[in-house]
Amino acid sequence: MAEQGTPATALLVKRGIAHRTHPYRVAPDAPNYGALVAVALGVAPERVFKSLVTDVDGALTVAVVPVTGELDLKALAAAVGGKRAALADRAVAERATGYVRGGISPLGQRRRLPIVLDESALDLPTIYVSAGRRGLQLELAAADLVALTDARTAPLQTH
């Protein structure tokens with residue numbers, strides 16, 4: 001576990017939250033990266049979630065959505081009481097979270113950003129999110145992710 005340690009995994013261990021780490025190999029520049037991660041892990045793609053750093057009315061917010069759909073920016077803005085949302089600039093996202101694109105975890109971020117989790121996660125026994133680096137996913141209960149991050153849940157994806 002030491003070689004797999006990230007701020008996200010350290011937070012889970014510190015809080016005593018049940019989780020599993022799953023290494024995988026997918027080229028970082030591969031098209032449809034999230035779907036390929038699901039294949040590499042051998043899990044249904046609706047259980048694998050991506051963390052997207054967004055700008056909602058000037059405030060950074062993280063949307064956690066299944067890799068099977070796209071983020072509905074209007075739904076995200078509405079979920080946090082905003083008017084307009086857009087994806088944040090990559091450099092801004094990396095600086096705020098302390099993680100690189102393709103490895104941004106909703107847990108253990110440098111700056112604790114508001115999290116909105118797609119409500120579909122609540123229907124699953126566990127979900128997969130980035131562990132904080134490319135090539136490593138965390139499996140945990142959605143309820144634990146919500147509790148650790150004070151996340152809101154809302155319908156966020158388009159298909």
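Strand S2 (residues 49–56) runs antiparallel to S5, and the two are joined over 3 bridges; strands count as paired here if DSSP finds at least two bridges between them. Within this pairing, Val56 sits opposite Ala85 of S5. Strands (E, at least two residues) and helices (H or I, at least four) are DSSP runs, numbered from the N terminus. The model is a predicted one, in which local features need pLDDT of at least 70 and side-chain atom pairs count only at pLDDT 80 or more, while totals for chains, interfaces and linings use all residues. Residues are numbered from 1 along each chain as its sequence is written, and side-chain values use heavy atoms, with hydrogens and water left out.

Zooming out, S2 and S5 belong to an open sheet of 5 strands, in the order S5-S2-S3-S6-S9 and with mixed pairing. Strand S5 (85–87) and strand S9 (152–154) are the edges; each has a single partner strand, so one side of each is left without a neighbour in the sheet.

Next comes the core. The largest nonpolar core has 28 residues, and Val53, Leu107, Leu117, Ile127, Val129 and Leu138 touch the most other members. Such a core is a set of buried Ala, Val, Leu, Ile, Met, Phe, Trp, Tyr and Cys residues joined through side-chain atoms within 4.5 Å, where buried means under 20% relative accessible area, exposed over 50%, and partly exposed in between (1.4 Å probe, protein chains only). Among the elements that each supply at least two core residues are helix H1 (7–15), strand S7 (127–133) and helix H5 (142–149). Leaving aside residues up to four places away in sequence, Val129 touches several residues, including Phe49, Val64 and Leu145 (contact: heavy atoms within 4.5 Å).

As for charges, a search of the whole structure turns up 4 salt bridges, each a side-chain nitrogen of Lys or Arg within 4 Å of a carboxyl oxygen of Asp or Glu. One of them joins Arg20 and Glu139 (3.8 Å, N to O). Arg20 is in strand S1 (residues 20–23) and Glu139 in strand S8, so this pair ties together parts 119 residues apart in sequence. Glu139 also meets Arg47 (3.5 Å, N to O); Arg47 lies in the loop between helix H2 (33–41) and S2, so that pair ties together parts 92 residues apart. Arg20 counts as exposed at 53% relative accessibility, whereas Glu139 is buried, and so is Arg47.
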